[in-house]
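Student: I've got a new structure to look at, and I'd like to work through it with you. Could we take it step by step?

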Amino acid sequence: MKYKHILAAVDVTEEAGQVLAIARQVADEHKAKLSVVTVVKPLTHVYGGLDMVSYTQISVNFEEEAKAQAKIQTGAMAEEKGVGSDEVHVSVGAPVTQIIDTAERLGADLIVIGSHGKHGIGLLLGSTANGVLHRADCDVLTIRIKG
Amino acid sequence: MIGRYRRILIALDASEEGDQVLEAATALDPRGADSYYVTTVVPPMMGGISGMDGASFAATWPLKDMEAEISREITDSVRERVARFGISPDRVTVLFGRPATEIHAHAEAIEADLIVIGSHGRHGLPQVMLGSTANAVLHGAPCDVLTVRIRG
């Protein structure tokens, strides 16, 4: 069984490079299409509990700006791996839901996602990776982020 | 995955679904079977008989003999299964214990850089969407993990 469409789920940190590099390799092996998704958390999630109604306009602008920035940053990293900007998806919302929705919308058959391995502290799998694993309808490759 | 994953540990259970895991795993590396190791973990029998005094039970039952017999049978069937995917029989290790613990230990012993494990799909309840063994393997795995959704 070969994968046909691989979705790399990345955040805008340097770790995204590790995830993208592996996703690229797997995509090449399988001659699969590679798409990238990054999720911007809405301001209301960042400042939980704060009444955001009066800030709606600011919030929308902020989100649009954050989305545009994420698109630029992720787009640049993706481009290094030969992924065109049409294949870079930026969405605003809860990361797990957005990643799953994007995977389903694109018909991805493999999600590649990074996860922090913090041995001994108890937090062993990143919460986003964990959520994606539990909800994904397709295979998931979890990349241990080193360091 | 050329150049990336050199030692891939495939964690199989004894069911038919193992073929789906083997299929996904062996599709990863066109260099062939040389990268693959296979392990099947048999949970200890005592685990299934909770509340019973293990020591007295063991004394009345040739448990070790049974485990040896089970191990032989499982090893034979797993070897036969993996042979169809071009994996050498001497790469098969059958272990007794708690699956996640044994899989982690074996992955470390062979210095695996990827574990491939099957997982059952959705069961309608969020907490059981990922097979419990797959979940336990993911948490605390010493390396990357590919979770293969078992279909049907």
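Student: What is the order of the strands in the open sheet?

Tutor: The sheet has 10 strands with mixed pairing. The order here is β3(A)-β2(A)-β1(A)-β4(A)-β5(A)-β5(B)-β4(B)-β1(B)-β2(B)-β3(B).

Student: Which strands stand at the edges of that sheet?

Tutor: Look for strands with a single partner, so that one side of each is left without a neighbour in the sheet. Those are β3 (88–92) of chain A and β3 (92–96) of chain B.

Student: And by how many degrees are neighbouring strands turned against each other on average?

Tutor: Direction is ignored for this one. Neighbouring strands of the sheet are turned on average by 25 degrees.

Student: Why is β5(A) described as largely enclosed by the rest of the structure?

Tutor: A residue counts as buried if 20 or more other C-beta atoms lie within 10 Å of its own. β5(A) has seven residues, and it is largely enclosed because the number of them that are buried is five.

Student: Which residues have the most contacts inside the largest nonpolar core?

Tutor: In soluble globular proteins, nonpolar side chains tend to be buried together. The largest nonpolar core here has 77 residues, and those with the most contacts inside it are A:Ile111, A:Val112, B:Ile115 and B:Val116.

Student: Which helix gives the most to this core?

Tutor: That helix contributes seven residues, and it spans residues 15–30 of chain A. Contacts of A:Val112 include A:Val19, A:Ile22, A:Ala23 and A:Val26. The helix that gives the most is α1 of chain A.

Student: Which strand of chain A does helix α4 (residues 95–106) run at about 155 degrees to?

Tutor: α4(A) lies across β1 (5–9), β2 (33–40), β3 and β4 (110–116) of chain A. Its buried residues include A:Val96, A:Ile99, A:Ile100 and A:Ala103, and what covers the buried residues includes α5 (127–135) of chain A as well as those strands. The strand it makes about 155 degrees with is β2(A).

Student: What angle does helix α4 (residues 99–109) of chain B make with β2(B)?

Tutor: This helix packs on the sheet too, touching β1, β2 (36–42), β3 and β4 of chain B. Its direction and that of β2(B) make an angle of about 150 degrees.

Student: Is A:Cys138 buried or exposed?

Tutor: A:Cys138 is in the loop between α5 and β5 (139–145) of chain A. Among the residues it touches are A:Ala103, A:Leu110 and, from the other chain, B:Arg149. It has 20 C-beta neighbours inside 10 Å, so A:Cys138 counts as buried.

Student: What about A:Lys31, buried or exposed?

Tutor: A:Lys31 is in the loop between α1 and β2 of chain A, and its phi is positive, near 50 degrees. For background, most residues other than glycine have a negative phi. With 9 other C-beta atoms within 10 Å, A:Lys31 is exposed.

Student: Where in chain A is confidence lowest?

Tutor: Chain A averages a pLDDT of 83, with 80% of the residues scoring at least 70. At the top end, β1(A) has a mean of 96. Where pLDDT is low, the predicted coordinates should not be read in detail. Confidence in chain A is lowest, at a mean of 58, in helix α2 (residues 43–46).

Notes:
Residues are numbered from 1 along each chain as its sequence is written. Chains are lettered from A and ligands numbered from 1 in the order in which they are written. Two strands pair if DSSP finds at least two bridges between them. Helices (H or I, at least four residues) and strands (E, at least two) are DSSP runs, numbered from the N terminus. Axes are lines fitted to C-alpha atoms, for helices over the stretch in contact, and angles run from 0 to 180 degrees between N-to-C directions. Two residues are in contact if their C-beta atoms, placed from the backbone, lie within 7 Å. pLDDT is the predictor's confidence in each residue, from 0 to 100. A residue is buried if 20 or more other C-beta atoms lie within 10 Å of its own, exposed if 12 or fewer, and partly exposed in between; C-beta atoms are placed from the backbone. A nonpolar core is a set of buried Ala, Val, Leu, Ile, Met, Phe, Trp, Tyr and Cys residues joined through C-beta atoms within 7 Å. Lists of a residue's contacts leave out its neighbours within four places in sequence.
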